[in-house]
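Trainee: Could we go through this model together, with the reasoning behind each label?
Mentor: Gladly, let's start with the surface.
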Amino acid sequence: MRNFIAEKDLQGALARYSWTSYSRVEQLNCDKSDCIWILASNDNWRQRLIGAKQKVDNIALLTYKYDRVEMQTALMMGARAYCHALATQSLLASVTRVLEAGGIWLPSELLAVSVSNVAANRQTGRVIPSLQGLTNREKDVLNGILEGLSNKEIARAHGITERTVKEYVGTLLLKFEAKDRIGLLLELGEFSHLKDAL
């Protein structure tokens, strides 16, 4: 997956990645599997996103300040990632891996709020029996996910390593047949009821 970005100052900050610069989305020669990164502080980011959607399946909107409405607008318009423009290199690498795997990336700060609106319309009857098969540690990690905590925050809360949390998250994704955290929460449905079951 190649990464295309117009903002030259960000290319320097993200030097670890191989960026191809562009000035106009329409002129890009890219594959559907590539990723176009758009900066939300650019006044015409919506028009760029619409143009990018014609070119690629992977669009990431970078922002300097998280905004739920901005994120929802971007997702409705076809973006698959919403993250901070000043994110660490490891976080951007995670975003890229999630997109390559076909997932969607949202910041944990906004994840629970966004999913709860969708999840409220799903039923949990089919999921609650499968909660009985979870270990206590899996329930701890799942509870952290339901609260919108990052892996690091879950690890700190339970005195385990972040790597261990990642392993439990992977196990939970397999058990609930989900690609990523959003898919997991959607599989769980209205998670406010599940917190009592954990």
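Mentor: Accessible areas come from the Shrake-Rupley method with a 1.4 Å probe, and for residues only the protein chains shown count as cover. On that basis the protein chain has an accessible surface of about 10,300 Å², with 49% belonging to carbon and sulfur atoms. This is a predicted model, where local features need pLDDT of at least 70 and side-chain atom pairs count only at pLDDT 80 or more, while totals for chains, interfaces and linings use all residues. Residues are numbered from 1 along each chain as its sequence is written, and side-chain values use heavy atoms, leaving out hydrogens and water.

Trainee: Why is helix 2 called roughly parallel to helix 3?
Mentor: The axes of helix 2 (residues 45–53) and helix 3 (residues 68–77) cross at roughly 25° and come within 10 Å. Angles under 35 degrees count as roughly parallel, so helix 2 is roughly parallel to helix 3. Axes here are lines fitted to C-alpha atoms over the stretch in contact, with angles from 0 to 180 degrees between N-to-C directions.

Trainee: Which residues make the contact?
Mentor: Contact means heavy atoms within 4.5 Å. Helix 2 brings W45, R46, L49, I50 and K53, and helix 3 brings E70, T73, A74 and M77. These divide into five nonpolar, one polar and three charged.

Trainee: What makes residues of helix 7 (residues 136–146) count as buried?
Mentor: Buried means under 20% relative accessible area. Among the buried residues of helix 7 are V141, L142, I145 and L146. Across the 198 residues of the protein chain, buried residues make up 46%.

Note on methods. Buried < 20%, exposed > 50% of the residue type's maximum accessible area, 1.4 Å probe, protein only. Helix = DSSP H or I, 4+ residues; strand = E, 2+ residues; numbered from the N terminus. Parallel < 35°, antiparallel > 145°, perpendicular 65-115°, else oblique. Nonpolar A, V, L, I, M, F, W, Y, C, P; charged D, E, K, R; others polar.
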